[in-house]
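I opened this notebook to record what I looked up in one structure. The entries follow the order in which I took up each topic.

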Amino acid sequence: MRGGSIAVVGGSIAGCATALAASRAGADRVTVFERADAELRDRGVGIALQSDRYEELREAGYVAPEMPWAPLTRRVWSVRDGDAPHGRGFGQQPFPFRAYNWGSLWSELRSRVPEGVDYRSGAVVTAVEPADDGVALRLADGHQERFDLVIGADGYRSVVREAMFPGISPEYAGYIGWRGASEDVEGLPSDGLDAHNIVFPGGHCMIYRIPDGTGGHRLNWVLYTTPPQTDGLHPDLRTPTSLPPGRLNSELTDWLRALVADHFPPFWADKVLGTPAGTTFIQPIYDLVVPHYTSGRMALVGDAASVARPHVGAGSVKALQDATALEAAWIAGDSWKDVLERYDAGRGAVGSAMVALARRMGSTQVENTPDWSAMHQPEFDAWWQDQNSGSDRSSGFGGHSLKVR
Ligand SMILES: Cc1cc2nc3c(=O)[nH]c(=O)nc-3n(C[C@H](O)[C@H](O)[C@H](O)COP(=O)(O)OP(=O)(O)OC[C@H]3O[C@@H](n4cnc5c(N)ncnc54)[C@H](O)[C@@H]3O)c2cc1C
C-alpha cells in the first residue's frame, strides 16, 4: 500500500514515531496535529527501555545510540531495617534497562520526523468524523480537513479513540504514582548502576538514575500507593488526569511525606524528602484496553490504544513498537483494509496482555503487598515468578519482543 494522506493526532513519543513510520511506508502526505503550542514541556522525569527491546527498536531505526541514556544492570528490593542507611536488601534481580530523560528521548524522536511531514504545534483536534473512504478532522480554530487515514497518538484521553469506541476510557486503578526528580545523585550505591525498589506495607517506590540531558545525571523516583479515602484529596482522580507540579494538594503530600519518613531507610528517605516540591507531581494510575486497535479508517497507537500500569516498564517501548508494527503492516498490506487488519492482529493481543500483566503486578506490588520484611532471596524469587506467570506469557516485563508474534 503506497500513497494517501495521513493525519497523526498527537505529536509525543507515539506521534513522532508514527509520523516516521507513515513516511517510510510511502504515504504521500503526513500531517501531525499536536495540541501543545511549543516544544512539549519536559517534566524532567525518567523513562526506561529494556535493553533487548531497545536493540530491536534500534534495528528498526526508531531509536539510536546517540540519544542520552544511563545504564541500569540490576534491581535491588529493600525494606527499612532500623537505622541501617540503605535498609535490608531482600531480593535482587537482573535489570537490563536503559534509563532516559523523557524530554531528551522526545526531542531525539522529534528530530527524526522527516522534513516533509507537516508537524503543526498548537493544533487541537476537537472532533473526528468518519466519512466515505476517509475521516474528517475538526480543529479548535473551526476548520476541517479530510484524510485517507487518521491515527490516534493522542494519549490516554484520546479523541480518536472516542470516535472509534465511544465511552471506552481509562479506568482508575485505585492508586497513584507520586513522581519526582532531583539533582541529588550523591553517594548512590553501585555508582548508580542499580535501580532500587524501596518497599513498605501498601506500596513501593522505584528509584533510579537518569541522564539530565546535559552530560550529568538526575535521580528519578516514583512511589506507588493507595491514598487515604478522605475528602481532602483532589476530586478528579477517578477521571483521567494528572496533577502537575504546583497543584498538589497539601493534605495528600503531607500524608505521602509522613509515609516516607516512617517506612523508608534513612538514605532513601533523605533523597525523596529532599526533592524540591516543584519537581514532584501525582499521576493517578489507570488501566485501558480497547476491543480493537483499528476501526474503519482509524487506528490507535501508544497510550491512546492501551495503558498498562507502569510496573511492567514498557509504556514507551509499546508506543514505539506500535509505530514499527504499523510500518510493517503498511509495507505488507495491499489495501487500507489489509494494512489495518494486519496491524490490529499484530498489536491488539499484545496491548491486552501487557495490561493483564500490569494488573497482576499492581495487585501484588501495591494493592495486596506481601510481608516483604520476612522475605529473603528464595521467597523473593518465588513471589516475582508468581506475578510473571499468568495465562498469557507472550508479553512480559519490559515489553514483548517484536520478534515473537
Ligand atoms: C509532555 C509530556 C511529558 C511526559 N513525560 C513523561 C515522563 O517523564 N515519564 C514517563 O514515563 N512518561 C511521560 N509521559 C507519558 C509517555 O510519553 C507515555 O506514557 C508513553 O510514552 C506513550 O506516549 P504517547 O505518545 O502514546 O502518549 P502521550 O505522551 O500522552 O502523548 C499524547 C500527545 O497527544 C497530544 N494530544 C492529546 N489530545 C490531543 C488533541 N485533541 N489534539 C492534538 N493533540 C492532542 C498531547 O498533547 C500529547 O502530546 C509524558 C507525556 C507528555 C505529553
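**Entry 1: the ligand shell.** I sorted the shell around the ligand by class and found 14 nonpolar, six polar and seven charged residues. In this sorting Ala, Val, Leu, Ile, Met, Phe, Trp, Tyr, Cys and Pro count as nonpolar, Asp, Glu, Lys and Arg as charged, and the others, Gly among them, as polar. I note that the model is predicted: local features need pLDDT of at least 70, side-chain atom pairs count only at pLDDT 80 or more, and totals for chains, interfaces and linings use all residues. Residues are numbered from 1 along each chain as its sequence is written, and side-chain values use heavy atoms, with hydrogens and water left out.

Which residues come nearest to the ligand? Of the 27 around it, they are S12, E34, V45, W102 and D303; a residue is near if one of its heavy atoms lies within 4 Å. I then asked which elements supply at least two residues of the shell each, and listed α1 (13–24), β2 (29–34), β3 (46–50) and α7 (315–332). Helices (H or I, at least four residues) and strands (E, at least two) are DSSP runs, numbered from the N terminus.

**Entry 2: polar atoms at the ligand.** I looked up polar contacts, here pairs of N or O atoms within 3.5 Å. A polar side-chain atom of D303 lies 2.7 Å from an oxygen atom of the ligand. For W102 the corresponding distance to a ligand oxygen is 2.8 Å, and for R179 it is 3.3 Å. The ligand taken alone exposes 910 Å², of which the protein buries 88%; the areas come from the Shrake-Rupley method with a 1.4 Å probe.

**Entry 3: the sheets.** Two strands pair if DSSP finds at least two bridges between them. I traced an open sheet of three strands, antiparallel, in the order β7-β8-β9. β7 (125–131) and β9 (144–147) each have a single partner strand, so one side of each lacks a neighbour in the sheet. Strand β8 (residues 134–139) pairs with β9 over four bridges, and V135 has F147 in β9 as its bridge partner.

Another open sheet has six strands in the order β6-β2-β1-β10-β17-β16, with mixed pairing. Its edge strands, β6 (118–121) and β16 (294–295), pair on one side only. I found β10 (residues 149–152) parallel to β17 (residues 298–300) over three bridges, with I151 opposite A299 in β17.

**Entry 4: salt bridges.** How many salt bridges does the structure hold? I recorded 20, each being a side-chain nitrogen of Lys or Arg within 4 Å of a carboxyl oxygen of Asp or Glu. One of them joins E56 and R53, with the closest N and O atoms 3.1 Å apart. Both residues lie in helix α2 (residues 51–59), three residues apart, about one turn of the helix.

Conventions
A polar contact is a pair of N or O atoms within 3.5 Å; within protein, one must be able to donate a hydrogen and the other to accept it, and residues adjacent in sequence count only if both atoms are side-chain atoms.
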